Amino acid sequence: MSQVIVVGGGAAGMMAAIAAAQMGHAVTLLEKNEKLGKKIYITGKGRCNVTNAADMEQLLRNVVTNPKFLYSSFYQFDNKAVMQLIEENGCELKVERGERVFPVSDHSSDVIKALQKALRDAYVDVQLHTEVKRLLLASGVIQGVELKNGKKLYADAVILACGGMSYQSTGSNGDGYRLAMQAGHEIIPCKPALVPFEIAEDWCKDLQGLALKNVQATVTVDGKKIYQDFGEMLFTHFGVSGPLMLTASSYYVKVCPSAECCKMANLEIDLKPAMNEEKLDKRLLRDFEENSHKEFKNALNGLFPSKLIPVMIRLSEIEPTKKVYAITKEERMRFLKLIKHLPLTITGTRDFTEAIITQGGVKVSEINPSTMESKLCKGLYLAGEMLDLDALTGGFNLQIAWSTGYLAGSSVKW
């Protein structure tokens, strides 16, 4: 029986260990934390967005970096296979808006319990509080690992599934990159992704906690549009967050790995995307006519949430106490433009402590996409977030972890 060591007890590592054990290998899973799946516990706000139930084309469309690399892993262990494995091990699942898949219980801990059951049933030897110091290599072939305490564990294959750099409190501190580099792998520079934006305008602070639904966001960098979509956003004390902004950030960091590299990054919010300018003007005329004798500051309750009104008045440069009937056409058109093109200046993103995922990682051209084996080191396999793969929110990143982990585990040679 061949010996397989899996380094990292997150989503990819647990799935790799299950798959390798099911293939008949003797598997040891090493996790430096006190428990398995520490990052899974906090995903989906503690509910765990297990995967996405969309078809394969849709899954691949939501992968931002290197989607073609994932064809083999996605097709060999797809979203339906993930759902089946988790449900067979005692965690019932449900599909919500956007095809997002969650445990029926809404508790991420139930997903962990299901995976732990699968590990037990496959006789995987799980060792917690066990940190790997370095790989044991000989003439380009993996021999095993050396632990932080100096103990050496020998194996026929090693699977690295150490995670990226996001949510570092869970142990994802870049250790996997250091181990991969020992085997000669190149690391594409890592950046925080699916991460909130920092904004220059101080009025964002006045709107802290305000969520806007069904708005359109457009991000331009140095005059070139890099992202546009509809969705929900949230104002914070430092800028903007929410699903729409997190998605936009994954495209932003691709062209702006640091704030210094961009001359100008702008975010424009269309507060009324369902109306073109002509329809919006008719709406403003109707509202202004109904409130013609009111002061401007008291005539906007039907247009915006109350918290947004003072900011819109300030930015409109229309005197707050001006009677609505006295507002000129020029002022009204300027106000209309503000509603359709609310301008913000992006100064950067928050750091890895607030990022959902890591963009960058081990260069995928050095990995065999059909097996997840290193092209540089025989018997070494890599999976999950430590690879240069990332996707949008909605369960797609966990699907990358499940699929690449399973493929790595099931591809280990005898």
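Predicted model: local features only at pLDDT ≥ 70, side-chain atom pairs only at ≥ 80, totals over all residues.
Guide: Local features here need pLDDT of at least 70, side-chain atom pairs count only at pLDDT 80 or more, and totals for chains, interfaces and linings use all residues. Residues are numbered from 1 along each chain as its sequence is written, and side-chain values use heavy atoms, without hydrogens and water.

Visitor: Why are H1 and H13 called roughly parallel?
Guide: Helix H1 (residues 11-22) and helix H13 (residues 396-411) pack at an angle of about 30°, with axes 7 Å apart. Angles under 35 degrees count as roughly parallel, over 145 as roughly antiparallel, 65 to 115 as roughly perpendicular and the rest as oblique. H1 and H13 are therefore roughly parallel.

Visitor: What makes H11 oblique to H12?
Guide: Helix H11 (residues 309-316) and helix H12 (residues 329-340) pack at an angle of about 125°. That value makes H11 oblique to H12.

Visitor: Which residues of H11 and H12 meet?
Guide: Contact means heavy atoms within 4.5 Å. Met312, Leu315 and Ser316 in H11 meet Arg334, Phe335, Leu338 and Ile339 in H12.

Visitor: How do you know that H13 is largely enclosed by the rest of the structure?
Guide: Buried means under 20% relative accessible area, exposed over 50%, and partly exposed in between (1.4 Å probe, protein chains only). In H13, 15 of the 16 residues are buried, so the helix is largely enclosed.

Visitor: What span should H13 have?
Guide: The expected span is 1.5 Å times one less than the number of residues. For the 16 residues of H13 that gives 22 Å, and the end C-alpha atoms are 22 Å apart, which agrees.

Technical notes:
Axes fitted to C-alpha atoms, helices over the stretch in contact; angles between N-to-C directions. Helix = DSSP H or I, 4+ residues; strand = E, 2+ residues; numbered from the N terminus.
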